[in-house]
Amino acid sequence: MREVISIHVGQAGVQIGESCWELYCHEHAIGTDGVFDPAKLDSENSSSTTFFSQASSGKFVPRSVFADLEPSVVVYPAPEVATSVVEPYNSVLTTHATLEHSDCTFMVDNQALFDICQKKLYVDRPNYSNLNRLVSQVVSSITASLRYEGSLNVDLTEFQTNLVPFPRIHFPLASYSPIVPAEKISHQSWTIQAITKPCFDTANQMVKCDPRSGKYMACCLLFRGQDVDPRSVNTTINGLRQSINFVSWCPTGFKIGINQQRPKEVPGSDLGIGKSAVCLLSNNTAIADAWARLDKKFDLMFQKRAFIHWYVGEGMEEAELDEAREDLAVLEMDYANVLKDDDEEQNANQNDIF
């Protein structure tokens, strides 16, 4: 069985990590004191040793590292909500520094999460706990194949293979369904079509962009629940193909994962948890809109050299910010070229037909 070390960096990483481990403990029936309670375990096919190590005392300890040197939260910034004035600088620098060193980066932003909590879960004033518990369900779905047996499990290494067509185009969008309040979960329809279709709605996207304005390069649907039937999944996907715009060079586009372990609720969570769920990871050119917004905010401050002295005072050179911004401009162009090349190819094919 594989052993995984989770690394949570910065205040945002630490807070999201706290919500993830809270959920993992409930899923694997491990108390806050590290004691395993088999009576609370839903499945005999779970492997807690993937994420937890067992001490000589018999208690289970998370196999994780939490690191935080800066008190402010650094997450990809939201269009309207920000916890720090210099978020655009931090996000551009982080993306530039990690672009060549990360294989696959799943994107979320605070504004999209705030909107989901307010409009879908009816939380008037969402706090970071509300947001992070939502993200933790996505992370749990992504890692479920490492921790539970499944008929069509998707290994972590398969995400990169199926979602990343080009090395730099490695920023999939994430969405989750169903997203309904806990008090209304009993009214939810549990057909595969009913839980799958909302994943492609803009309202369920965890980054503020409209996938309909771009083209999908790949989709990975991760289903959880004992009642998930592969035939129903295939029927639903065949129906969705008509309304989803894929690039011409990837007409199939879907990777399916099915894990029989149902999602688990966290006590006190606003999100209703039922007998099945699905997480969509999709690589779509529309993510370029998010990069464009980020770059615009960066430019507005950088052209005035606002707040630059704080970075210079920490030992950075102004040229490093210039270099990072140029790299993000190239990233924007990378996505634009995918869309442009595909449009030109489709137009050429249509001309050949006529």
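# Chatting through a predicted model

Student: Which residues form a nonpolar patch on the surface?
Tutor: That patch is formed by Ile5, Ile7, Val9 and Val65, and together they have about 410 Å² of accessible area. Keep in mind that we are looking at a predicted model.

Student: Where does Ile7 sit, and is Ile7 buried or exposed?
Tutor: You'll find Ile7 in strand β1. Ile7 counts as exposed because its relative accessibility is 59%, and the cut-off for exposed is over 50%.

Student: Okay, what about Glu3? Where is that one?
Tutor: Glu3 is in the segment before β1, the strand that covers 6-9. Glu3 counts as exposed too, with 58% relative accessibility.

Student: Which residues is Glu3 in contact with, leaving aside its neighbours within four places in sequence?
Tutor: Those are Thr49, Thr50 and Arg63.

Student: And how many Å apart in space are Glu3 and Leu163?
Tutor: From C-alpha to C-alpha they are 23 Å apart, while in sequence 160 residues separate Glu3 and Leu163.

Student: Switching to sheets! In what order do the four strands of the open sheet come?
Tutor: The order is β5-β8-β6-β7, with mixed pairing. At the edges stand β5 (173-177) and β7 (254-259); each has a single partner strand, so one side of each is left without a neighbour in the sheet.

Student: How are neighbouring strands turned against each other?
Tutor: On average by 15°, if you ignore direction.

Student: How many bridges join β6 to β7?
Tutor: Six, and the two strands run parallel. Strand β6 spans residues 216-224.

Student: Where in the chain are Asp115 and Lys208?
Tutor: In distant parts: Asp115 is in helix α3 (residues 110-119), and Lys208 is in the loop between α6 (192-196) and β6. They are 93 residues apart.

Student: So is Asp115 buried or exposed?
Tutor: Asp115 is buried, because its relative accessible area is 13%, and buried means under 20%.

Student: What salt bridge does Arg168 make, then?
Tutor: The side chain of Arg168 meets that of Asp327, at 3.1 Å from N to O. Arg168 lies in the loop between α5 and β5 and Asp327 in helix α10 (residues 318-353), so the pair ties together parts that are 159 residues apart in sequence. Asp327 is buried, with a relative accessible area of 14%.

Student: What about Lys275 and Asp227?
Tutor: Their side chains meet in a salt bridge too, at 3.6 Å from N to O. Lys275 is in the loop between β7 and β8, and Asp227 is in the loop between β6 and α7 (230-240), so this pair ties together parts that are 48 residues apart in sequence. Lys275 is partly exposed at 39%, whereas Asp227 is exposed at 52%.

Methods: Residues are numbered from 1 along each chain as its sequence is written. This is a predicted model: local features need pLDDT of at least 70, side-chain atom pairs count only at pLDDT 80 or more; totals for chains, interfaces and linings use all residues. Side-chain values use heavy atoms; hydrogens and water are left out. Buried means under 20% relative accessible area, exposed over 50%, partly exposed in between (1.4 Å probe, protein chains only). Contact means heavy atoms within 4.5 Å. Patches are made of residues with over 30% relative accessible area and no salt bridge: like charges are joined within 9 Å, nonpolar side chains (Val, Leu, Ile, Met, Phe, Trp, Tyr) within 5 Å. Accessible areas come from the Shrake-Rupley method with a 1.4 Å probe; for residues, only the protein chains shown count as cover. A salt bridge is a side-chain nitrogen of Lys or Arg within 4 Å of a carboxyl oxygen of Asp or Glu. Two strands pair if DSSP finds at least two bridges between them. Axes are lines fitted to C-alpha atoms, for helices over the stretch in contact, and angles run from 0 to 180 degrees between N-to-C directions.
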